[in-house]
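Hello,

Here is the structure I said I would pass on. My notes on it follow below.

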Amino acid sequence: MPTIKDVAKACGVGISTVSYALNDSQMISEETKNRIKKMAMEMGYIPNAYARSLKSKKTYRVCAYITDFGGTIHPTILNGISQVFAKSNYQLIVTLTNEKMTLIKDKSLDLAILMDQRISEEKIFELNNYCKLIVYDNNYLNTKEIHQVSLQNENAIYEETNHLINLGAKKIAFMLGPKMSWHNHERYLGYSKAMNEAGLETMVYDANSFIEVDGYKLMKDILSSCNELPFEAIICSNDELAFGTINALKEAGLNVPKDCMVAGFDNVDKAALIDPSLTTINIDWFKCGETIAKLALSILEGKKTKKHITIPANLVVRNSTKRN
């Protein structure tokens, strides 16, 4: 296996120059960096991570903590994160959250990305004593020590609710997702704010889930408990709940959007394919992951960074709310 000395000899430079190049140091030109990196790749040189970590006092490891591996959102975000880290000197680890958070507490990481909304604020502040943190879309932390990346949950649903109000809807319901979800909490706030400003009464139904089948079951229960649907539109806390809602309404012989308009949040691929296509809130989830990863690398490189980054969202109007 080739060594750093072999790469240096092949490039006609010193060992320190190769080290600078492979660590993206600003002490040498981009042209020299690229030439050395290309040669190292062609020779199959693999840096000794252990030796490098001893020298720099870094682990060169970053871990993303997630709730589970289900759904379509987290895998897309993680793909965006991994694509950025693949071009860096850092190893990316993805794992499920556990009580001990051993990798953090053993100081085996340079940075942790907390993507699990079940992690309490108290726990986050505790973990911050062990390594640098990025908290993704959780309760706002009033601190300058921890970086945060958030979605426009409240403002986006506020816009979506006003869209339905502007279409003439007065009886608009909201289907809640999991109680522990910060996404769910903020989205409900956006809905209630728009309804209160319009002087309209809120109607809330609790699925306590982001899963399609639970949206379906809840809508079936609503339909079986009344002779007439008590609302003319419903906003679901995510697209999966909206898919289940649409299926239940159609099975009952109701027309979407004529009898009931339906809207969601996430804009997963299925949203454009379901019949009728779903009005929803669009987030570029891959770019969200890229943003998180670029922020992480900037922190690790000691660059000046924003403490709080908000991922933009936009309303996508489709057939599930078009009555004309």
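**Helix 12 and its surroundings**

The axes of helix 5 and helix 12 come within 7 Å and cross at roughly 45°, which makes helix 5 oblique to helix 12. Please keep in mind that this is a predicted model. The crossing of these two helices is right-handed. On the helix 5 side, the residues that meet helix 12 are I73, T76, I77, N79, G80, I81, Q83, V84 and F85. Their partners in helix 12 include W285, C288, G289, I292, A293, A296 and L297.

Helix 12 itself has 16 residues and reaches 23 Å from its first C-alpha to its last, close to the 22 Å expected at 1.5 Å a residue. Its buried residues are W285, C288, G289, I292, A293, L295, A296, L297, S298, I299 and L300. Besides helix 5 (73–85), these buried residues pack against strand 1 (61–66), strand 3 (111–114), strand 4 (132–136), strand 5 (147–151) and strand 11 (308–311). Helix 12 is followed by G302, which has a positive phi, near 75°.

**Cores**

The largest nonpolar core has 74 residues, and M219 and V262 have the most contacts inside it. Helix 12 (residues 285–300) supplies the largest share of this core, nine residues. Another core, of 16 residues, lies apart from it and has L109, L127, V135 and I146 among its members. As background, nonpolar side chains in soluble globular proteins tend to be buried together.

What does V262 touch, leaving aside its neighbours within four places in sequence? Its contacts are I234, C236, A242, T245, I246, L249, V256, L278, T279, S320 and T321.

**Other helix pairs**

The axes of helix 10 (residues 212–224) and helix 11 (residues 239–251) come within 6 Å and cross at roughly 40°, which makes helix 10 oblique to helix 11. This crossing, too, is right-handed. M219 of helix 10 is one of the residues that meet helix 11, as are E212, D214, G215, Y216, K220 and L223. From helix 11, the residues involved include L241, F243, G244, T245, A248 and L249.

Helix 1 (residues 4–11) and helix 2 (residues 15–22) pack at an angle of about 100°, with their axes 8 Å apart. They are therefore roughly perpendicular to each other. I4, K5, V7 and A8 of helix 1 make the contact with I15, V18 and S19 of helix 2.

**Backbone points to check**

Most residues other than glycine have a negative phi, and most peptide bonds are trans. The following depart from that pattern.

- V256 and P257 are joined by a cis peptide bond, with omega about 20°; P257 lies in the loop between helix 11 and strand 9 (261–263).
- The peptide bond from D275 to P276 is cis, with omega near -5°; P276 is in the loop between strand 9 and strand 10 (280–282).
- D137 is not a glycine, yet has a positive phi of about 45°. It is found in the loop between strand 4 and strand 5 and counts as buried, at 0% relative accessibility.
- D266, also not a glycine, has a positive phi of about 135°. It lies in the loop between strand 9 and strand 10 and is buried, with a relative accessible area of 7%.

**Overall figures**

The protein chain has twelve helices and twelve strands. Of its 324 residues, 48% are buried. The C-alpha trace spans about 80 × 40 × 30 Å along its principal axes.

Regards

Conventions: Residues numbered from 1 in each chain as written. Predicted model: local features only at pLDDT ≥ 70, side-chain atom pairs only at ≥ 80, totals over all residues. Heavy atoms only, no water. Core = buried A, V, L, I, M, F, W, Y, C linked by side-chain atoms within 4.5 Å. Buried < 20%, exposed > 50% of the residue type's maximum accessible area, 1.4 Å probe, protein only. Helix = DSSP H or I, 4+ residues; strand = E, 2+ residues; numbered from the N terminus. Contact = heavy atoms within 4.5 Å. Expected span 1.5 Å × (residues − 1). Axes fitted to C-alpha atoms, helices over the stretch in contact; angles between N-to-C directions. Parallel < 35°, antiparallel > 145°, perpendicular 65-115°, else oblique. Left-handed = near helix turned anticlockwise from the far one by under 90°.
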